[in-house]
Every structure is written in structure tokens, then in C-alpha cells.
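Biologist: I have the sequence and the coordinates open side by side. Can we walk through the fold, one point at a time?

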Amino acid sequence: MSSYLTELRALYQLHLKKRPVVLSHEINSRCNLKCSFCDYWRYERDELDTDEIFYLLEQAKSFGILFYNVWATEPLLRKDLPDILEHAHKLGMTTSLITNGLLLENRIDELDHLDYLSISLDSIKSLEEIRGIRFNTVLPGIIKARDKLNKEILINCVLSKKNLEDVEDLVKLAKDLGMKISFEPIHKIESIDSTDWSTLDIKKNNKYQRVIDKLILMKKKGYPIINSITYLELVKNMSTDYKCHASDIILNVTSNGTVEHCRLKKTKLGDISSSLEHIWNNSKAIRNDVTSNCSGCLFFGYVENSLLYNFKPEVIKNYEWM
């Protein structure tokens with residue numbers, strides 16, 4: 001299906017049917033890393049089996065979902081991942097995957113039904129300090145994925161105190177590899193240790209703002225930064241001055257089949273033992289209440305897509321990733 005027809009279907013689903021277009025699936029609760037700023041690996045939950053995920057995908061197709069995004073905690077730990085992606089493809093969905101990259105070299109040959117790949121990579125020099133793995137450990141898998149897929153690959157960098165000096169080199173690396181790159185600021189979670197947070201927390205100060213100004217300049221010069229300038233300006237000022245439509249766009253399902261409002265609030269809307277249509281129709285008041293009482297976040301997927309939902313011209317022009 002052409003991108004033009006996909007866009008029309010997305011607009012119809014979002015603005016006329018008033019339903020989300022993305023199924024964001026926390027496909028498992030296990031991880032091969034223990035990043036201090038992440039809490040997903042801390043709470044192991046049950047995981048849907050293959051047939052249950054097939055059923056979820058079939059429900060999602062009937063509901064009108066167009067995009068299947070697999071993430072959390074580390075999707076490549078699931079042996080049945082190729083079968084799941086293939087099933088989503090057979091249903092006509094566009095597939096995407098977010099990974100820490102550690103298993104890419106061993107598993108990329110199995111991912112023939114993957115359309116978009118996103119790799120969490122925060123630094124070249126300090127990756128081991130941030131995530132506990134060396135850059136040279138994940139680089140071969142990243143290169144193999146590029147050569148194997150011959151499709152769009154995104155590097156996603158979480159900005160923290162530990163990598164501000166490294167972001168310009170990371171942008172240049174993305175360009176050299178023929179990939180795109182996105183940025184978002186680190187988000188504080190309740191479970192993070194205060195000592196750990198003090199080593200990561202970024203403040204709105206001159207140094208931090210100069211880094212964002214540099215990213216904006218590099219964006220304008222044609223470097224492959226996918227973020228819109230509108231979003232980067234929000235990040236620069238640590239501002240959440242936008243109307244959130246995350247739950248209107250993205251349906252979040254956890255590893256055990258719980259349907260949640262979003263990855264930040266994690267308010268339960270139902271579980272997949274009920275139909276997605278039933279959950280959606282009966283959760284409108286909850287969704288509206290959670291959104292109206294939320295102070296906001298700066299997760300780029302939520303912010304950029306909310307700005308797109310509101311037809312912001314600069315974002316439509318310059319944001320490059322669904």
C-alpha cells in the first residue's frame with residue numbers, strides 16, 4: 001500500500017472514527033540489560049503466548065490498527081518474534097521494533113517481516129556507563145542490520161547528564177551509517193534511586209540549551225535528525241506546552257495483555273480478554289480524566305505525534321518518523 005493511502009487511512013481512523021492507529025506492544029518483561037533509568041526490567045510479569053498475541057493482532061486489525069510497534073523490555077529475547085511480525089504483516093500492518101541492539105547481530109537474519117527498526121543508543125564514549133554495554137559490542141549488529149534490512153533504521157538517544165558532550169558525534173555517526181537519529185530527554189521514574197538520578201538528571205541550563213541549539217542547527221543543515229524544530233524547542237525549555245493526544249493515537253498493551261492509557265500513567269483500561277472495541281468504547285471517561293490531569297511528558301513519540309494530530313505545520317514538514 002502506498003504511503004499516501006496509508007496516510008489517508010490513518011487520518012480516517014484518527015479523526016473520523018476517533019480511534020488509535022498504533023498498537024504499541026510491550027511484548028515481554030525480560031531484559032538483558034539493567035539500565036538504572038528504566039523500570040521495565042524491574043517487574044517481571046506474565047507474557048502472552050504466541051497464539052494470544054496472534055489473537056491480539058487480529059483484534060487490532062478489526063479495530064482499525066495500521067501500525068504494530070514492538071518494544072519493551074527487550075523484544076529480541078522472544079524466540080517467536082519472527083512469527084509474530086509475520087502474522088502482523090499478513091494482516092496488513094506496518095511493523096516496527098525497538099531494541100537495545102545487543103542481540104541484533106545474532107537475530108537480524110530472522111526479521112524479514114520488519115519494516116522499521118529503532119535502536120536505543122545514547123552515546124559512543126559513555127554507553128557502558130549509561131547502559132552497561134560497550135559501543136563496539138553493539139556496532140557490528142547495527143551495521144549488519146543496515147546491510148540486511150536495506151530499510152529505514154533509527155538511532156534513538158536519551159539525553160542525560162552523562163552524554164551531553166557526545167550528541168554531536170552521535171549525529172555524525174548516524175549520518176555516516178546512513179541512518180536517522182532522534183533525541184528525547186531522560187524522564188524520571190518513581191523507582192530510580194536518588195543517587196543514580198543525580199548522575200543522570202539534566203537541568204535547564206546554558207550548557208544543556210547550547211546542546212539543543214546545536215541539534216536544531218544541525219537539523220537545519222540537513223543532518224538526519226528526525227525531530228521537528230517545534231519539539232526540540234520544547235525540549236530545550238523543558239516545556240510540556242502542548243495538547244497530548246497519546247492515548248488517541250497509540251494503544252498500549254503490556255506483556256500480560258493489559259490495555260493501558262499510556263506508558264507513563266499506566267492506567268488500566270481493560271485487558272485483551274475483552275474486545276479492543278469494547279475496551280475503547282467503555283474507557284472514554286477514564287482516558288479523558290487521565291489526560292486532563294497529566295502534567296505532560298517529553299517522550300518524542302507522544303509529543304511529535306500529538307503535534308501532528310493537531311496539524312502543526314512545522315511538525316508536518318519536518319518530523320520524519322511515524
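This is a predicted model: local features need pLDDT of at least 70, side-chain atom pairs count only at pLDDT 80 or more; totals for chains, interfaces and linings use all residues.

Biologist: How many of the residues of strand S1 are buried?

Modeller: Buried means under 20% relative accessible area. S1 spans residues 22-26 and is largely enclosed by the rest of the structure. The buried count is five of the five residues.

Biologist: Which residue in S2 is the bridge partner of glutamate 26?

Modeller: S1 and S2 run parallel, joined by five bridges. Glutamate 26 is one of the buried residues of S1. Its bridge partner in S2 is tryptophan 71.

Biologist: What is the strand order of the open sheet?

Modeller: The sheet has nine strands with mixed pairing. The twist averages 25 degrees from one strand to the next. The order is S6-S5-S4-S3-S2-S1-S7-S8-S9.

Biologist: Which strands stand at the edges?

Modeller: Strands of a sheet pair through backbone hydrogen bonds, either parallel or antiparallel. An edge strand here has a single partner strand, so one side of it is left without a neighbour in the sheet. The two are S6 (180-185) and S9 (268-271).

Biologist: In S6, which residue is the bridge partner of cysteine 157?

Modeller: Strand S5 covers residues 153-159. S5 and S6 pair in the parallel sense over six bridges. The partner of cysteine 157 in S6 is phenylalanine 183.

Biologist: Is leucine 154 buried or exposed, and what is its relative accessible area?

Modeller: Leucine 154 sits in strand S5. Leucine 154 touches residues including Leu117, Ile119, Ile181, Phe300 and Trp321. The cut-off for buried is under 20%. Leucine 154 is buried, with a relative accessible area of 1%.

Biologist: What distance separates the C-alpha atoms of leucine 154 and proline 224?

Modeller: The two residues are 70 residues apart along the chain. Their C-alpha atoms are separated by 9.6 Å.

Biologist: Which elements do the buried residues of H3 pack against?

Modeller: Helix H3 covers residues 81-90. Its buried residues are Leu81, Pro82, Ile84, Leu85, His87 and Ala88. They pack against helix H2 (50-63), strand S2 (67-71), strand S3 (94-99) and helix H4 (104-107).

Biologist: Where is the cis peptide bond, and what is its omega?

Modeller: Most residues other than glycine have a negative phi, and most peptide bonds are trans. Threonine 73 lies in the loop between S2 and H3. The cis bond joins alanine 72 and threonine 73, with omega about -10 degrees.

Biologist: What is the phi of phenylalanine 311?

Modeller: Phenylalanine 311 is in the loop between helix H14 (300-309) and helix H15 (313-318). Phenylalanine 311 is partly exposed, with a relative accessible area of 46%. Its phi is positive, near 55 degrees.

Biologist: Which element gives the largest share of the lining of the second largest pocket?

Modeller: That pocket has a volume of about 260 Å³. Of its 15 lining residues, the closest to the centre are His245, Asp248, Arg287, Asn288 and Tyr309. Helix H11 (246-249) and helix H13 (284-292) each give two or more residues. The largest share, four residues, comes from H13.

Biologist: How does that lining divide by residue type?

Modeller: The lining of the second largest pocket holds nonpolar, polar and charged residues.

Methods: Residues are numbered from 1 along each chain as its sequence is written. Side-chain values use heavy atoms; hydrogens and water are left out. On a 1 Å grid over the protein atoms alone, a cavity is a set of points where a 1.4 Å probe fits but cannot get out, and a pocket is an open set with protein on both sides within 12 Å along at least five of seven lines; lining residues have an atom within 4 Å of a point. Grid points are joined across faces, edges and corners, and a volume is the space filled by probe spheres set on the points. Ala, Val, Leu, Ile, Met, Phe, Trp, Tyr, Cys and Pro count as nonpolar, Asp, Glu, Lys and Arg as charged, and the others, Gly among them, as polar. Two strands pair if DSSP finds at least two bridges between them. Axes are lines fitted to C-alpha atoms, for helices over the stretch in contact, and angles run from 0 to 180 degrees between N-to-C directions. Buried means under 20% relative accessible area, exposed over 50%, partly exposed in between (1.4 Å probe, protein chains only). Contact means heavy atoms within 4.5 Å. Lists of a residue's contacts leave out its neighbours within four places in sequence.
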